[in-house]
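Please read the following report alongside the sequence and the model. It takes up a few side chains in turn, together with the pairings around them.

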Amino acid sequence: MTAPCPCKSGLSFEDCCGPALSGLTPAKTALALMRSRFTAYKTGNHAYLRQTAKRDPLAVLDPGYQGAASKPDVEWVDLEIVETVAGGGTDETGIVSFTAHYRQNGQVFALRERSNFERRNGAWIYTDGVIDPNTKPGWVRPIGRNDPCPCTSGRKFKKCCGAR
């Protein structure tokens with residue numbers, strides 16, 4: 001049995017993000033690139049993040065998740081895809097809106113972003129993103145103890161990942 005992909009697509013890692021992260025096959029859609037980039041953040045694959053971005057996201061001193069991605073105390077927990085606009089096999093641009101949950105210093109946070117992607121020389125790249133204007137930039141609302149756990153277990157946060 002193969003391991004499920006960290007991007008929570010429901011596919012195995014080998015059938016989902018694995019080929020893109022290994023360099024065997026570039027992501028075929030903007031959504032596939034978004035999922036593989038989340039998996040790269042989760043697994044610490046900084047080379048892939050640099051390779052699939054218009055600019056080096058880890059070199060930018062920004063208080064948001066990109067700056068935090070390289071910190072050893074950040075653990076990426078879950079990815080929820082909210083919406084996709086274009087970004088398919090024949091498109092030149094695409095948009096993926098998502099919520100990413102991460103844990104830092106024992107607290108779980110939610111980051112909401114609308115990311116822009118474009119195809120260059122046949123490969124998708126992340127160009128930029130806008131953090132949800134209803135939340136302050138950077139570290140966003142912590143998950144409350146009685147909120148549903150972002151790991152999608154169906155349990156309250158305090159009885160699941162919050163108990164760690």
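## Surroundings of Thr 99

Leaving out residues up to four places away in sequence, Thr 99 touches Asp 78, Leu 79, Glu 80, Val 82, Ala 110, Leu 111 and Arg 112, where contact means heavy atoms within 4.5 Å. Thr 99 lies in strand E2; helices (H or I, at least four residues) and strands (E, at least two) are DSSP runs, numbered from the N terminus. With 8% relative accessibility, Thr 99 counts as buried, a term that stands for under 20% relative accessible area, while exposed means over 50% and partly exposed in between (1.4 Å probe, protein chains only).

This is a predicted model, in which local features need pLDDT of at least 70 and side-chain atom pairs count only at pLDDT 80 or more, whereas totals for chains, interfaces and linings use all residues. Residues are numbered from 1 along each chain as its sequence is written, and side-chain values use heavy atoms, with hydrogens and water left out.

## Surroundings of Met 34

Met 34 belongs to helix H2 (residues 30–43) and is buried, its relative accessible area being 8%. Apart from neighbours within four places in sequence, Met 34 is in contact with Leu 79, Ile 81, Val 96, Phe 98, Ser 115 and Phe 117.

## Salt bridges

Side chains of opposite charge can pair when their charged atoms come close. A search of the whole structure finds four salt bridges, each defined as a side-chain nitrogen of Lys or Arg within 4 Å of a carboxyl oxygen of Asp or Glu. One of them joins Asp 78 to Lys 8, with 3.7 Å between the closest N and O atoms. Because Asp 78 lies in strand E1 (residues 74–86) and Lys 8 in the segment before helix H1 (18–22), this pair ties together parts that are 70 residues apart in sequence. Asp 78 counts as buried at 1% relative accessibility, whereas Lys 8, at 38%, counts as partly exposed.

Glu 75 and Arg 103 also meet through their side chains in a salt bridge, at 2.5 Å from N to O. This pair links distant parts of the chain, with Glu 75 in strand E1 and Arg 103 in strand E2 (residues 93–104), 28 residues apart. Here Glu 75 is partly exposed at 33% relative accessibility, and Arg 103 is buried, with a relative accessible area of 10%.

A further salt bridge brings together Arg 114 and Glu 83, whose closest N and O atoms are 3.2 Å apart. Arg 114 lies in strand E3 (residues 107–120) and Glu 83 in strand E1, so the pair connects parts that are 31 residues apart in sequence. Both residues are partly exposed, Arg 114 at 35% and Glu 83 at 39%.

Strands E3 and E4 (residues 123–131) run antiparallel and are joined by eight bridges; two strands pair if DSSP finds at least two bridges between them. Glu 118 stands opposite Ile 125 in E4. The hairpin has two residues between the strands, and Asn 121 takes a positive phi near 50° there.

## Cysteines without disulfides

A search of the whole structure finds zero disulfides, a disulfide being a pair of cysteine sulfur atoms within 2.5 Å. For Cys 5, which is buried at 4% relative accessibility, the closest cysteine sulfur is that of Cys 17, at 3.4 Å, too far for a bond. For Cys 16, the closest cysteine sulfur is in Cys 7, and the distance of 3.6 Å is likewise too far for a bond.
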